[in-house]
Amino acid sequence: MSLSSALSLQAQEANSASQTVVSNAVPSSFRNTADNVILDPAEHLYPIYLALLDIKEGEFLDSLRVMHIGDSHIRGHIFPQTFGKNMADEFAAVRYRDLGINGATFSSYTHSGKLEQVYAWQPDLVIISFGTNEAYGKYSPDTHYRQIDELIVLLQENLPYACLLFTTPAGCYLKGGGYNANNQRCAETIGRYARDHGLPVYDLFAVGGGDKDACANWKRSGMMRPDGVHFTPDGYRTQGRMLFEAFMRGYQAAVKEM
């Protein structure tokens, strides 16, 4: 076989490894949705995608560890473990854990003592899901930004080789039933921090309908609980599948460029 033929075959195999068909996870009834993608202009997740391709090609001899940390949406397990199961089914060497705290914020998680468990597991990818609880009470974007930075600095100091991925909160209502506009502000602050520091973000708020429909879509679909904050099991499973679809789109696009 000539060198050009071998290189062509290698490219075809790499492209084939990336082409798992992922069904459209965003409910068709949702309105004003953004593209279901992870925003990663700095290609921070490229090393993870490369390792996953190696797993597909049988060249990765160790496990790839993913840790998902966050608030009650993570503590309930369904959202993160739906994503984790899809990842493990797709990439046999992926190992997945989640570690959430009810009522947690970026700041409270930083001082909770849970980070030692994160460090001890030595994850290759840390998914970070906070923002819902920051949306209640008086909200300061600058304070929130500093609190995000405090957590990220600790993660980067203690896990210098790990990749990080933010998700934004999906949306929530106030106790009186009105739309909680601070949730959008939290999502925007998380997105701004990610852009400023070259980190990827999955904007679940925008993908789910943005300022016009992020809450209404979940409520109309019957996937939001009566408290207006949490979601039904089907809602959390949908969010996990949406995140997996977005991740696979990033992976497939990266593999095509390798």
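Modeller: Axes are lines fitted to C-alpha atoms, for helices over the stretch in contact, with angles from 0 to 180 degrees between N-to-C directions. This is a predicted model, where local features need pLDDT of at least 70, side-chain atom pairs count only at pLDDT 80 or more, and totals for chains, interfaces and linings use all residues. Residues are numbered from 1 along each chain as its sequence is written, and side-chain values use heavy atoms, leaving out hydrogens and water.

Now look at helix H4 (residues 78-90) and helix H11 (residues 233-257): their axes come within 7 Å and cross at roughly 40 degrees. Where they are in contact (heavy atoms within 4.5 Å), H4 brings residues including Phe79 and Phe83, and H11 residues including Phe244 and Phe247.

Zoom in on Phe83, which is buried (under 20% relative accessible area; exposed is over 50%, partly exposed in between; 1.4 Å probe, protein chains only), at 1%. Phe83 and Phe244 form an edge-to-face aromatic pair, 6.5 Å centre to centre with 65 degrees between the planes. Rings of Phe, Tyr and Trp (its six-membered ring) pair if their centres lie within 6.5 Å; planes under 30 degrees apart are stacked, over 60 edge-to-face, the rest tilted. This pair links H4 to H11 across 161 residues, and Phe244 is buried too.

Notes. Helices (H or I, at least four residues) and strands (E, at least two) are DSSP runs, numbered from the N terminus.
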